[in-house]
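I am opening a notebook on this structure. The entries below record what I looked up, topic by topic.

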Amino acid sequence: MFTLAEVASLNDIQPTYRILKPWWDVFMDYLAVVMLMVAIFAGTMQLTKDQVVCLPVLQSTVNSKAQPSTSGKADFTTLETTTGQGEEASMRTVSFGSTPTVTPDVPLSRATSSQYQPTESGQELKKEQKDSSGRKTNLDFQQYVFINQMCYHLALPWYSKYFPYLVLIHTIILIVSSNFWFKYPKTCSKIEHFVSILGKCFESPWTTKALSETACEDSEENKQRLTGAQSLPKYVSTSSDEGSPSANTPMITKSGFKFSADKPMIEVPSVTILDKKDGEQAKALFEKVRKFRAHVEDSDLIYKLYVGQTVIKTVKFIFILCYTANFVNTISFEHICNPKVEHLIGYTEFECTHNMAYMLKKLLISYISLICVYGFICLYTLFWLFRIPLKEYSFEKVREESSFSDIPDVKNDFAFLLHMVDQYDQLYSKRFGVFLSEVSENKLREISLNHEWTFEKLRQHVSRNAQDKQELHLFMLSGVPDAVFDLTDLDVLKLELIPEAKIPAKISQMTNLQELHLCHCPAKVEQTAFSFLRDHLRCLHVKFTDVAEIPAWVYLLKNLRELYLIGNLNSENNKMIGLESLRELRHLKILYVKSNLTKIPPNITDVAPHLTKLVILNDGTKLVVLNSLKKMTNVAELELQNCELERIPHAIFSLSNLQELDLKSNSIRTIEEIISFQHLKRLTCLKLWHNKIVNIPSSITHIKNLESLYLSNNKLESLPAAVFSLQKLRCLDVSYNSIALIPGEIGLLQNLQHFHITGNKVDTLPKQLFKCLKLRTLSLGQNYITSIPDKIGQLLQLTHLELKGNCLDHLPATLRQCQLLRKSGLVVEDHLFDTLPLEVKEVLNQDTSIPFANGI
């Protein structure tokens, strides 16, 4: 049995939660406690005093059936049994009423013996009585107990026996239902945060001061502050009145902070009256409220849970009332019992009395009364829940009573919690609304930022990048200065470590802006600004720590061409990359992901039909699942770097449009699968550098259209002749291997323009090398070469020659015949350059204006 303290703990709610308990919930809690007391009282009474007392019902049919048992044979048997057992025999004469009934094998008493043995003499009778005397066993009392126990289970209705336990179970269910929303993990955390924030907002000095400032804003002190406010530069007024974000778009709401000639910056003084400590506390509260709103307002779980538990309590009330009404009359004082033990006691029917019936019936009526009251309150709660839209909450009255006209209306669970608070005290919501206003410490900080970062100062930070575009990089600011959006000729905007970055509608003035960088900067945009970015932005770089930091509006930029994602996208967060996201990027051509993936997120296939370049740079995490690649049939460039690949993935062989493949910095040891590249007719560039490849299979000859082959930083010891059968090869890079010999077949590569064999063990150069007349770049550094043949002069298009780190003692004078070679393109030791004739030096030192093609 539960103790009252143990059961009452189910209803133990923290005192701070009382602001979320309306009067009906409080009243129902008290009713539940009373019902709990009824259950415990009834259960205690039943355990200690519950029993039935039964007496036999005399009927003529019962007596007539009992007569045959008094036959002489039965009598003889009885006497024989009594004589045989002596004093240990038990007297089993049943003498209920005036007519004795003797069961088989039951010894008769003296009265019954004399009645059924009239032929015996008085002397024999006395002798028999003397012989049949024995110890009394009170079997007649045991028969009463036996019948009482049987009839308690047979005759007594089940509801009379289990009524207290049913009441206890129902009450526990009602208590749990009443407080489940405080205990459920997905709601209790939100409720706990809400109550904590609400209490801090209510007691915050900033709240009191801000409201009092509103009440006395027409005072002389305010007028002086307003006069001083008018002297601020006009460019700080950047709020746009155009456009408003829709309810389901991940944009920030438009700021209600405005300036006018008559009443400029009336809200600012309400913040400036705080001291430093109060100001820091207010900033923290604004941050908490903002995050809590973003966390709670997008769902209605608390509301649904509260409605659900109220419906459950109502259904429970109806159920209890229905079945209890049917059983209320079964609790009675008198009951008829038929235990079917006539062979033991000779009676078939007993009339029993239930001593707890009166008390249980009174308790049941009390319980029904409590349940009815409880049910009516549940019905009222349902009426309140559906009478008004509780998932919407308006601060209209607060806006009317104060100068905080920009307090936004809230919805879903946030609105429901505020409705519940209003049942306790509406003052809580009013004081809480202050922290939803844009007139805040954050806005004051923005004004300070705008005052510091003027247009002239920002112009000084604009630079030209490698692509000759105007670029502005802002780092670790409290926000984005409004003057940034006056730089209308800006091409690239980089925002780094600006947690409160907001992009207003003024960005629409930056008509040249096509590239945006968000480095640890979850920027928010207004609706009008988003419309501009959606139509004009072409390249977006997002660097983040967790995927949740990626702004939701990023996935809605339908005209975006290039997307660069750099951050943590481990297997646990793969689904967050964009189940609802990349599908909208209909014009995306280049996707760059630098992360720690274990598989290619399947949602990247949403952009597969139009993606032409995919780059995945892992941090050494093994990329296991690559099946998603098969759907990217239009990908022309694919890079899988530092993914711990041990073989060339078979999924690549399905990419019929692939032109360039880069598998840099993996763990590839063998490339026997290279024969399958013959199906990729458009493959022209293969990069297998920085791996562990030991040899090149002869099947490489099947890649007929290959133009560039990068095998540097591997473990190659030789170059097979098959490599030199690739007639279209224009670039061959085998640097930093263990190659000791350049085969003479290299002369077959008539289209070779770039040959890199730096960092090997080459000691001689074959004369066939100089038949590659189109060579423009020749890297021979860090080898064992002792001399350079004079035939090097045949390479008329040579522009870059690396010879540093060899065993040379002089350079050939024929270098002067390399018309495009200059000293800047000749990488040798200074003493070797001095060995050249003077006229050769003069040729190498002079500038050239001869144009030439500059590409592979």
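Which residues form one aromatic cluster with Trp23? I found Trp24, Tyr380, Phe383 and Trp384 in that cluster. I note that the model is a predicted one.

Aromatic pairs. I searched the whole structure and got 22 aromatic pairs. One of them joins Phe194 and Phe414 edge-to-face, with 6.4 Å centre to centre and 85° between the planes. Phe194 belongs to helix α9 (residues 185–203) and Phe414 to helix α18, so this pair ties together parts 220 residues apart in sequence. Phe432 sits in helix α19 (residues 426–433), 18 residues from Phe414 in helix α18, and the pair links distant parts of the chain.

I looked up Phe194 and Phe414, and both are buried. The relative accessibility of Phe414 is 0%. For Phe432 I noted 1%, which also counts as buried.

Charges over rings. I found the charged end of Lys457 over the ring of Trp453, 4.2 Å from its centre. I also found the charged end of Lys687 over the ring of Tyr710, 5.1 Å from its centre.

Positive phi. Most residues other than glycine have a negative phi, so I looked for exceptions. Asn412 has a positive phi, near 55°; Asn412 is in helix α18 (residues 412–424) and is buried at 16% relative accessibility. Asn642 also has a positive phi, near 55°. Asn642 lies in the loop between β16 (637–641) and β17 (660–662), and is partly exposed, at 28%.

Definitions and conventions: Residues are numbered from 1 along each chain as its sequence is written. This is a predicted model: local features need pLDDT of at least 70, side-chain atom pairs count only at pLDDT 80 or more; totals for chains, interfaces and linings use all residues. Side-chain values use heavy atoms; hydrogens and water are left out. Helices (H or I, at least four residues) and strands (E, at least two) are DSSP runs, numbered from the N terminus. Buried means under 20% relative accessible area, exposed over 50%, partly exposed in between (1.4 Å probe, protein chains only). Rings of Phe, Tyr and Trp (its six-membered ring) pair if their centres lie within 6.5 Å; planes under 30 degrees apart count as stacked, over 60 as edge-to-face and the rest as tilted. A charge sits over a ring if NZ of Lys or CZ of Arg is within 6 Å of the ring centre and within 35 degrees of the ring normal.
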